Amino acid sequence: MVNKNISKVLISSLQELPERLGKTFHVGNMELAVFKLSNGTVRAIENRCPHKGGVLSEGIVSGDSVFCPMHDWKICLEDGLVQAPDKGCVKTYSTVIEGEDVFLLIE
Ligand code: FES
């Protein structure tokens with residue numbers, strides 16, 4: 001069944017996303033950190049660390065995680081969960097790649 005309440009918003013071309021570096025995008029009133037991983041997948045998460053609001057698009061990517069640039073919390077880009085021993089989570093957003101275009105799926 002197709003969910004008609006999902007909007008698809010073009011955010012970037014694949015080429016404009018640097019591999020393993022974050023980039024900030026504003027969509028509506030949301031601020032997103034978008035990452036292209038070394039395996040070619042694209043992940044989008046809320047751009048603020050749940051600890052003290054560090055800008056996650058400026059973090060260091062390792063595998064499928066990003067390290068917050070402020071105090072080094074490790075956050076999984078797949079599910080948004082902060083890794084132990086720290087706790088918390090950020091919102092994740094679905095993305096879809098069609099050809100060279102990267103879209104964000106918003107419910
Ligand atoms: S603000 Fe991200 S680890 Fe402190």
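How many bridges join strand 5 to strand 6? In this predicted model, three bridges link the two strands, and strand 6 covers residues 65–67.

Strand 5 and strand 6 run antiparallel. Both belong to an open sheet of three strands, arranged in the order 5-6-7 with antiparallel pairing. Strand 5 (60–62) and strand 7 (74–76) are the edge strands, each of them pairing on one side only. On average, neighbouring strands of this sheet are turned by 30° against each other, with direction ignored.

## The largest pocket

The largest pocket holds about 160 Å³ of space. Its lining consists of Ile 6, Met 30, Lys 91, Thr 92, Tyr 93, Ser 94, Leu 105, Ile 106 and Glu 107. Two elements, strand 8 (92–98) and strand 9 (101–106), each give two or more residues to this lining. Strand 8 gives the most, with three residues.

Which classes of residue make up the lining of the largest pocket? By class, five residues are nonpolar, two are polar and two are charged. Lys 91 and Glu 107 are among the lining residues, and both types count as charged. Thr 92 and Ser 94 also line the pocket, and these types count as polar.

Terms used. Residues are numbered from 1 along each chain as its sequence is written. This is a predicted model: local features need pLDDT of at least 70, side-chain atom pairs count only at pLDDT 80 or more; totals for chains, interfaces and linings use all residues. Side-chain values use heavy atoms; hydrogens and water are left out. Two strands pair if DSSP finds at least two bridges between them. Helices (H or I, at least four residues) and strands (E, at least two) are DSSP runs, numbered from the N terminus. Axes are lines fitted to C-alpha atoms, for helices over the stretch in contact, and angles run from 0 to 180 degrees between N-to-C directions. On a 1 Å grid over the protein atoms alone, a cavity is a set of points where a 1.4 Å probe fits but cannot get out, and a pocket is an open set with protein on both sides within 12 Å along at least five of seven lines; lining residues have an atom within 4 Å of a point. Grid points are joined across faces, edges and corners, and a volume is the space filled by probe spheres set on the points.
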